[in-house]
Amino acid sequence: MNIKKKIAFAASLATLISAFSMTGCSFGGSDSGKTVITMLQYKPEATKAFEKMEERFNSTHDDIELKIESPNEAMTVLKTRLVREDYPDIIGIGGDINYSNFLDAELFMDISDFDLVSEIKPAYLQIDKDLEFIPTEGVYAMPYVANAAGILYNREMFNEHGWQIPKTWTEFIDLCETIQSEGIQPLYLGYKDTWTTLAPWNALAVGIADADICSQVNAGKTTFAEGYREVAEKTKALLQYAEPNPYAYSYNDACTAFARGESAMYTIGSYAVPQIQSVNPDMDIDSFPFPANDNEADNLLNSGIDLQFSIMKECDNKEAAYEVLRFLFDDETIQIYLDEQNAIPCKKGDFTLPSMLDGMREYIQADRMSDYHDHHYPSEMSVDAMIQTFLMDNSDNSVDTFLNRFDKEWIRYNRDLIEKVRKYEEGLK
């Protein structure tokens with residue numbers, strides 16, 4: 001990392017060092033004489049899958065030893081280690097703003113020459129390119145698995161009532177009206193936990209707003225008041241089909257209510273299925289992309305990179321790290337993860353997907369996907385809380401108030417980035 005970026009990166013994370021003990025974070029060396037490749041990955045809920053992968057790799061490789069750590073608060077652990085220059089060889093992180101920050105700090109190795117890059121679905125490679133603050137030549141991550149968000153529905157209830165899966169926004173509203181007229185609640189939202197407001201927001205935004213709207217705003221080419229108006233209006237329109245006062249019910253409450261048949265649909269991602277099935281293991285759940293538009297061809301599946309692997313620039317054993325990636329991207333290894341986590345593979349190929357993704361399968365196979373917009377939002381901006389406040393505002397000008405605030409807060413929290421983009425754009429002229 002160049003010295004200026006290292007200083008800036010260290011300064012932004014300095015408080016973590018005093019708050020977090022490094023004891024036990026380093027992997028150490030190996031007494032076996034093997035090349036040791038260390039990996040730190042950020043999904044503790046996938047620890048069992050990674051333990052299986054580690055065991056399988058080490059039992060089939062005589063010259064390389066793979067050591068994987070899956071700590072709680074992994075991003076805190078990772079950031080603290082980076083400040084101390086205690087680098088793992090490979091990191092497993094999500095395709096979000098953390099990846100953007102690490103890439104911008106020049107921490108990752110360019111892996112353009114890795115032979116399996118061409119086997120990744122183009123949509124997910126593009127998601128990573130869209131996450132770059134400034135266009136950067138090269139490939140710096142291998143997208144592994146994704147999740148998807150849209151609408152979960154009770155398949156048994158739909159079959160019983162003869163309801164059809166909507167393909168357009170008008171069909172979706174008509175379906176909600178039909179369900180409501182039959183004395184059944186169409187949707188559950190559970191907005192007490194503010195992050196849940198982002199589920200329908202993202203799923204609508206991918207079909208309505210440009211995928212690179214945040215970059216466009218940073219470059220001064222548009223505003224959120226222009227690009228997000230329809231997203232805001234349709235997000236608010238959902239309230240009339242949901243539980244009364246959704247701000248009183250948490251994510252767990254919503255999962256439980258949907259599991260108990262208290263609504264026909266739930267506007268959330270595939271990641272919620274394990275929680276729902278913990279309440280009702282026999283529930284027959286399917287899903288479909290949010291039909292945001294009245295032209296079905298304009299709809300996209302909201303799918304983001306849930307896990308991807310980057311090799312640190314400081315890694316001294318590039319070829320050994322590449323061998324680990326080849327193992328991780330072997331179809332059988334990927335299937336281990338899919339079976340454990342109900343995920344979507346980012347690699348091309350014939351994989352077994354969970355049945356709750358049946359209604360999204362066509363979009364997945366056709367690569368009709370776009371990333372979660374909030375992966376580009378700085379966490380300090382608290383967009384989820386802003387959306388909740390907007391939805392609770394019943395005034396006639398609530399949309400304008402919200403969008404104007406969005407633009408104002410965006411400039412406040414992205415001032416340095418906007419200046420960097422301005423200088424980059426001027427350099428192109």
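The legends below describe close-up views of a predicted model.

**View 1. Packing of helix α8 against helix α11.**
Helix α8 spans residues 198–208 and helix α11 spans residues 229–237; the two pack with their axes 9 Å apart, at an angle of about 140°. This angle makes α8 oblique to α11, because an angle has to be over 145 degrees to count as roughly antiparallel. The crossing of α8 and α11 is right-handed. On the α8 side, the contact is made by Trp201, Leu204, Ala205 and Ile208. On the α11 side, Glu230, Val231, Ala232, Lys234 and Thr235 take part. The residues of this contact divide into six nonpolar, one polar and two charged.

**View 2. Buried residues of helix α11 and what covers them.**
Val231, Ala232, Lys234, Thr235, Lys236 and Ala237 of α11 are buried. Among them, Val231, Ala232, Lys234 and Thr235 also belong to the contact with α8. The cover over the buried residues of α11 includes α8 together with α7 (169–181) and α10 (224–227). Helices α17 (383–392) and α18 (398–413) are also part of that cover.

The structure holds zero disulfides. For cysteine 255, the closest cysteine sulfur is that of cysteine 176, at 19 Å. That distance is too far for a bond, because a disulfide needs the two sulfur atoms within 2.5 Å. Cysteine 255 is buried, its relative accessible area being 0%. Cysteine 214 has a relative accessible area of 6% and is buried as well.

Glutamine 216 sits in helix α9, which covers residues 213–218. With a relative accessible area of 18%, glutamine 216 is buried, because the cut-off for buried is under 20%. Leaving aside residues up to four places away in sequence, glutamine 216 touches Asp210, Lys221 and Thr222.

**View 3. Surroundings of histidine 376.**
Histidine 376 lies in the loop between β11 (369–370) and α17. The relative accessible area of histidine 376 is 15%, and the residue is buried. Residues up to four places away in sequence are again not counted: histidine 376 touches Ile97, Asp130, Leu131, Cys214, Asp371 and Trp410.

Note on methods:
Residues numbered from 1 in each chain as written. Predicted model: local features only at pLDDT ≥ 70, side-chain atom pairs only at ≥ 80, totals over all residues. Heavy atoms only, no water. Axes fitted to C-alpha atoms, helices over the stretch in contact; angles between N-to-C directions. Helix = DSSP H or I, 4+ residues; strand = E, 2+ residues; numbered from the N terminus. Parallel < 35°, antiparallel > 145°, perpendicular 65-115°, else oblique. Left-handed = near helix turned anticlockwise from the far one by under 90°. Contact = heavy atoms within 4.5 Å. Nonpolar A, V, L, I, M, F, W, Y, C, P; charged D, E, K, R; others polar. Buried < 20%, exposed > 50% of the residue type's maximum accessible area, 1.4 Å probe, protein only.
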